[in-house]
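Here is a walk through one protein model, from a helix to its charged pairs and its rings. Keep the structure open while reading.

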Amino acid sequence: MADTTCHMSISLDGFVAGPDQSLDQPLGRRGGELHTWHMPGADVGAADLQAAGWLMRPRGAYVMGRNMFGPVRGEWDQDWQGWWGSEPPYHAPVFVLTHHAHEPIELEGGTTFHFVTDGFDAAYARAVEVAGDEGIDIAGGASTVRQALAAGVVDELTLDIAPVLLGSGERIFADGSETFDFEPVEVLHSPLTTHVRYRRRS
């Protein structure tokens with residue numbers, strides 16, 4: 001089966017997004033502070049550039065949640081095509097989890113958003129079908145990553161640990177979780193972030 005990755009920026013207290021996500025604050029309040037290490041204008045170093053290469057490596061398919069795709073909730077009552085403009089960075093099929101059906105959205109550069117209403121397992125199965133040897137990435141947000149971890153499909157998990165405390169928001173590790181079936185295989189650090197790449201224990 002194709003290798004499945006997941007790459008998330010996370011606060012010291014375990015949040016990958018702040019509270020109150022909205023059109024004006026897609027990462028929630030203060031959520032942007034987790035991502036300074038790869039944002040334009042930041043004083044990034046070699047470690048951050050290498051981790052950004054991990055984040056942006058091409059994949060054969062992606063799975064993401066409805067909240068990651070955009071701020072629209074409930075029925076599709078807006079002509080929303082994602083946060084990324086006419087040419088998103090994926091350049092591959094993206095399977096979006098949603099409770100509300102939507103026709104596929106084909107954009108420039110090879111990205112097509114497909115909307116899947118029958119759960120994570122169905123979306124992941126479709127991603128496996130099209131990814132081939134190029135692999136799959138679980139793109140977020142928090143709920144989708146939790147489902148992927150619970151399903152045991154993530155082979156490589158990279159966490160960019162920002163020196164930030166958010167206090168509340170969205171977590172990728174479910175309350176009550178007591179096992180972490182990964183081991184660190186590479187660690188990079190900069191003043192902005194500590195990047196830890198984990199692989200699932202064989």
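In α3, Phe 120, Ala 123, Tyr 124, Ala 127 and Ala 131 are buried. Seen down the axis of α3, these buried residues fall within an arc of 95 degrees, so they line one face of the helix. The model is predicted. On the other side of α3, Asp 121 and Glu 129 are exposed.

What covers the buried residues of α3? The cover includes the strands β1 (4-11), β3 (61-65), β4 (93-97), β6 (112-116) and β7 (136-140). It also includes the helix α4 (142-151).

Helix α3 has twelve residues, 120-131. At 1.5 Å a residue, they should span 16 Å. The end C-alpha atoms of α3 are 16 Å apart, which agrees. After α3 comes Gly 132. The phi of Gly 132 is positive, near 60 degrees.

Now the aromatic rings across the model. The structure holds 13 aromatic pairs. Take Trp 76 and Phe 115. Their ring centres are 5.3 Å apart and their planes are at 70 degrees, so the pair is edge-to-face. Trp 76 lies in the loop between α2 (66-69) and β4, while Phe 115 lies in strand β6, so the pair ties together parts that are 39 residues apart in sequence. Trp 76 has a relative accessible area of 17%, so this residue is buried. Phe 115 has 9% relative accessibility, so Phe 115 counts as buried as well.

The charged end of Arg 66 sits over the ring of Trp 76, 3.6 Å from its centre. Elsewhere, Arg 197 lies over the face of Trp 54, at 5.4 Å from the ring centre.

Strand β6 holds Phe 115, and His 114 lies in this strand as well. Is His 114 buried or exposed? His 114 has a relative accessible area of 18%, so it is buried. Which residues does His 114 touch, not counting residues up to four places away in sequence? They are Pro 93, Val 94, Phe 95, Val 96, Pro 104 and Arg 126.

Turn to the charged pairs. How many salt bridges does the structure hold? It holds eight.

One of these joins Arg 29 to Asp 20. The closest N and O atoms of this pair are 2.8 Å apart. Arg 29 has 41% relative accessibility, so Arg 29 counts as partly exposed. Asp 20, at 49% relative accessibility, also counts as partly exposed.

The side chains of Arg 30 and Glu 33 meet in another salt bridge, at 2.9 Å from N to O. Glu 33 is partly exposed, with a relative accessible area of 34%. Arg 30 is partly exposed, with a relative accessible area of 39%.

A further salt bridge runs between Arg 200 and Asp 181. The closest N and O atoms here are 3.3 Å apart. Arg 200 lies in strand β11 (residues 194-200) and Asp 181 in the loop between β9 (170-171) and β10 (182-189), so the pair ties together parts that are 19 residues apart in sequence. Arg 200 counts as partly exposed, at 23% relative accessibility. Asp 181 is partly exposed, with a relative accessible area of 38%.

Salt bridges can also share partners. Those that do join Asp 3, Arg 57, Glu 156, Glu 186, Arg 197 and Arg 199 into one network. Arg 197 of this network is the residue that lies over the face of Trp 54.

Conventions
Residues numbered from 1 in each chain as written. Predicted model: local features only at pLDDT ≥ 70, side-chain atom pairs only at ≥ 80, totals over all residues. Heavy atoms only, no water. Helix = DSSP H or I, 4+ residues; strand = E, 2+ residues; numbered from the N terminus. Expected span 1.5 Å × (residues − 1). Buried < 20%, exposed > 50% of the residue type's maximum accessible area, 1.4 Å probe, protein only. Arc of directions from axis to C-beta. Contact = heavy atoms within 4.5 Å. Salt bridge = Lys/Arg side-chain N within 4 Å of Asp/Glu carboxyl O. Phe/Tyr/Trp six-rings, centres within 6.5 Å; stacked < 30°, edge-to-face > 60°. Lys NZ or Arg CZ within 6 Å of the ring centre and 35° of its normal.
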